[in-house]
Amino acid sequence: MEKTQNIWGNLATGYFFLAGTAAVIGLVVAVIDIAGGGELARAMAVMGGAGNDMFSTYLFNNFIALALAFALAGIGGVLLLAELTQKFRFPLVFTNPKSLMTIGAFALSGFMGLTFIYALFFLNIIPFDFTKLRFIVAVLLIISAVVLAAYPALEMAEARGRGFWRAGLVPLFFINALVCGSGLLMALGFRMAPFFFLAVLFNMLVLAGYLWSTELSGGSDSRRGVDLLLRGRLKTVFFGGAVLVGLILPAVIIWFSPVLAGVLAFVGGGCFRYAFMKAGVRLELPGERNVKYTDKEIESLAHSLEARWQEKAKTTGGN
Amino acid sequence: MIDLRKCVGCYACSVACQIENNLPLELKYCNINNVGPMGEYPNLTSYNMPLACMHCQDAPCVTACPTGASHISRENGFIVSVDEKKCIGCLFCMVVCPYDARRVSPESKTVVKCTFCVTRLARGETTRCTETCQLRARLVGDLDDPHSEVSALIRKENATPLHEHLGTRPSVYYIMP
């Protein structure tokens, strides 16, 4: 019987977490820009004086945010690569478009490429005044960001024997990525405290609803997952990391120190992903509860036995 | 098909499989779990449960695989196979398999599993585990042929696949004790 999910380790967890956070940062920047933020800043620049400074600040802040998103997605990609047991074959990951992992790999590559191009507008390397081109890149970035933020949950939901991951992880993961992403943006100086506060409250509600509904209506594997989080070996990282550090403290601190609140939300988001990844235990197989030794332990016992026989054969002269 | 009324848990199938596939000691395609004891004294029961790849007809591992390394080979029946040259070791197939049927080979560092002795089947032989089982607890046959021995036994003994509710349509059926 699986005590926790151990097939995908911390590297895969890190990838899902960083990719989701990066996606939301890119998403927020692009949405603000095409919702009128860019045009407003440009209009300020036309006015000159302080307006010019505001325009420069707008360009600089967005460039830094996109650079951070690019870096996080890149680090995530490296973690994913490190998780593979056959690293040099990684280009093969793009060869089966029916697989969600392939879709995710395309989303990550597309997101990184689009983030890079989009960031060039904010450096004025591609002129910021190319409004139509900027709009097209922003829309494509939003699409790739949504796919990148959503697909890990869909991928996990494919595990039919892991009921804890099966039901409605997409909104939960998305809202948590929103909390982490907006938290990091606040740490960078973006003024989005009310949005962040609402996202944290919504995350608390969705999380409670998810656990409550899974415990009530899920199968034995789903209930074991909930049990691991609430009462089992993951309770410290879940309550201490994901809930206290990631949600409760940021919701209180945000009115005093938005930067600290953002950083705490990011750390808590990592704990949340870790706990949820580990809690996805497989449906128990018949008799699995009785398995006392792992294959490795059996191998070790067999080698000890063989060594003992060899030793005995030597002392008895092979008789 | 596996008749759990006959299996005594001797591990002969498991060891024969390791020999057939030249597997290291710690790597097994076929595990045997002991179920029970169940019931209340003195009416207790216990049985052995051989577990390996179920060669699901709606295999989640095949859908999940990003490289097409996990695929269904139809030449010798409906067999779920792994092309080791295409496997990148993302372990997605291991995560989605509800039967814990897949392992990472310590030698090739790719995912490996029961091959259903596809080369033996191609030669007209049966699987090694079936051949080895002295108690005839294992039987290989054509599920699509309603007149095959295995189809008849499934009907007669009301054999069922494991975790049928997951919808993976396993090709391995168990006659429960």
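1. Start with helix 6 of chain A, where Phe196(A), Phe197(A), Val200(A), Asn203(A), Met204(A), Leu207(A) and Leu211(A) meet Phe238(A), Val243(A), Leu247(A), Ile248(A), Pro250(A) and Ala251(A) of helix 8 of chain A. Contact here means heavy atoms within 4.5 Å. Sorted by class, the residues of this contact come out as 12 nonpolar, 1 polar and no charged. (Nonpolar covers Ala, Val, Leu, Ile, Met, Phe, Trp, Tyr, Cys and Pro; charged covers Asp, Glu, Lys and Arg; the others, Gly among them, are polar.)

2. Before going on, a word on the model. It is predicted, with pLDDT of at least 70 needed for local features and 80 or more for side-chain atom pairs, while totals for chains, interfaces and linings use all residues. Residues are numbered from 1 along each chain as its sequence is written, chains are lettered from A and ligands numbered from 1 in the order in which they are written, and side-chain values use heavy atoms, with hydrogens and water left out.

3. Back to that helix pair: the axes of helix 6 (residues 193-217) and helix 8 (residues 235-253) of chain A cross at roughly 145° and come within 8 Å. Axes are lines fitted to C-alpha atoms, for helices over the stretch in contact, and angles run from 0 to 180 degrees between N-to-C directions. Helices (H or I, at least four residues) and strands (E, at least two) are DSSP runs, numbered from the N terminus. The crossing is left-handed, meaning that the near helix is turned anticlockwise from the far one by less than a right angle.

4. Chain A has another pair to look at: helix 3 (residues 100-122) packs with helix 4 (residues 131-157) at an angle of about 150°, their axes 8 Å apart. Their contact has 20 nonpolar, 4 polar and 2 charged residues. The crossing of helix 3 and helix 4 of chain A is left-handed.

5. Now the largest pocket, with about 1600 Å³ of space. Its lining counts 46 residues, and Tyr293(A), Thr294(A), Asp295(A), Asp100(B) and Arg103(B) are the closest to its centre. (A pocket is an open set of points on a 1 Å grid over the protein atoms alone, where a 1.4 Å probe fits, with protein on both sides within 12 Å along at least five of seven lines; lining residues have an atom within 4 Å of a point.) Volume is the space filled by probe spheres set on the points. Helix 10 of chain A gives the most to the lining, with 6 residues. By class, the lining has 21 nonpolar, 10 polar and 15 charged residues.

6. The second largest pocket has a volume of about 700 Å³. Of its 38 lining residues, those closest to the centre are His55(B), Phe116(B), Val140(B), Gly141(B) and Ser171(B). Helix 5 of chain B gives the most to this lining, with 3 residues.

7. Check the backbone of chain B too. The bond from Gly36(B) to Pro37(B) is cis, with omega near 5°, and Pro37(B) lies in strand 2. Tyr41(B) and Pro42(B) are also joined by a cis peptide bond, with omega about 10°.

8. Which residue other than glycine has phi near 50°? That is Asp100(B), in the loop between helix 3 and strand 6 of chain B. Asp100(B) is partly exposed at 29% relative accessibility; that label falls between buried (under 20%) and exposed (over 50%), with a 1.4 Å probe and protein chains only. Lys109(B) has a positive phi of about 60° and is partly exposed at 42%.
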